[in-house]
Amino acid sequence: MSGRRVVVTSPRTAAARRRRYPATREIDEQTVVGEVYMRSLLRTQFRLALFVCTVLACVIGGLPLLFLLLPDVRGLHLLGVPLPWAVLACLIYPAFVVGAWLYVRQAERNERHFADLIERK
């Protein structure tokens with residue numbers, strides 16, 4: 001065998017290439033591919049919402065269980081207010097605000113990743 005290389009080319013090198021649809025057009029025209037893109041975004045956002053709601057439900061649902069399992073804690077007072085009431089008044093609402101803030105932040109991040117994916121296609 002000789003060390004000579006042979007270049008093989010296709011006879012259709014000058015053929016017109018098929019133009020690709022941009023992904024944004026796929027979404028706008030509601031094609032099957034566009035529906036797949038949108039379904040993936042919606043599924044991601046839905047999973048995020050379920051996660052945040054589950055965490056908040058566990059925290060809120062866990063407080064009565066905590067006070068039930070630790071009856072000595074129920075008798076404590078904070079500034080003259082029973083501890084369960086103080087926790088409900090002072091910790092639950094900030095937990096909601098933090099949960100909402102984290103949800104919005106992550107949802108916007110998901111949308112940015114989706115936009116980057118669409119722009120690359």
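1. In this predicted model, the count of aromatic pairs comes to one. The partners are Tyr 93 and Phe 96, whose ring centres are 6.4 Å apart and whose planes make an angle of 50°. The pair is classed as tilted, because only angles over 60 degrees count as edge-to-face and only those under 30 degrees as stacked.

2. How exposed is each of the two, Tyr 93 and Phe 96? Tyr 93 has a relative accessibility of 55% and therefore counts as exposed, the cut-off being over 50%. Phe 96, with a relative accessible area of 36%, is partly exposed.

3. Helix α5 also holds Leu 102. Leu 102 is partly exposed, since its relative accessible area is 40%, which falls between the 20% and 50% limits. In sequence, Leu 102 and Val 52 are 50 residues apart; in space, their C-alpha atoms are 8.4 Å apart.

4. Gln 45 sits in helix α2, which runs over residues 32-69. Is Gln 45 buried or exposed? Its relative accessible area is 12%, and because buried means under 20%, Gln 45 is buried. Setting aside residues up to four places away in sequence, Gln 45 touches Tyr 103, Ala 107, Asn 110 and Glu 111.

5. Which residues make up the largest nonpolar core? There are five: Leu 63, Phe 67, Leu 83, Val 87 and Ile 92. Helices α2 and α4 (83-90) are the elements that give two or more residues to this core. One of the core residues, Leu 83, is in contact with Val 73, Leu 76 and His 77, once its neighbours within four places in sequence are left aside.

6. The UniProt record, an unreviewed entry, lists residues 48-70 and 82-104 under "transmembrane region". This label comes from the record and may be inferred rather than shown by experiment. In the model, the span 48-70 is 96% helix and 0% strand, with its end C-alpha atoms 32 Å apart. For the span 82-104, the figures are 91% helix and 4% strand, and the end C-alpha atoms lie 33 Å apart.

Terms used
Residues are numbered from 1 along each chain as its sequence is written. This is a predicted model: local features need pLDDT of at least 70, side-chain atom pairs count only at pLDDT 80 or more; totals for chains, interfaces and linings use all residues. Side-chain values use heavy atoms; hydrogens and water are left out. Buried means under 20% relative accessible area, exposed over 50%, partly exposed in between (1.4 Å probe, protein chains only). Contact means heavy atoms within 4.5 Å. Rings of Phe, Tyr and Trp (its six-membered ring) pair if their centres lie within 6.5 Å; planes under 30 degrees apart count as stacked, over 60 as edge-to-face and the rest as tilted. A nonpolar core is a set of buried Ala, Val, Leu, Ile, Met, Phe, Trp, Tyr and Cys residues joined through side-chain atoms within 4.5 Å.
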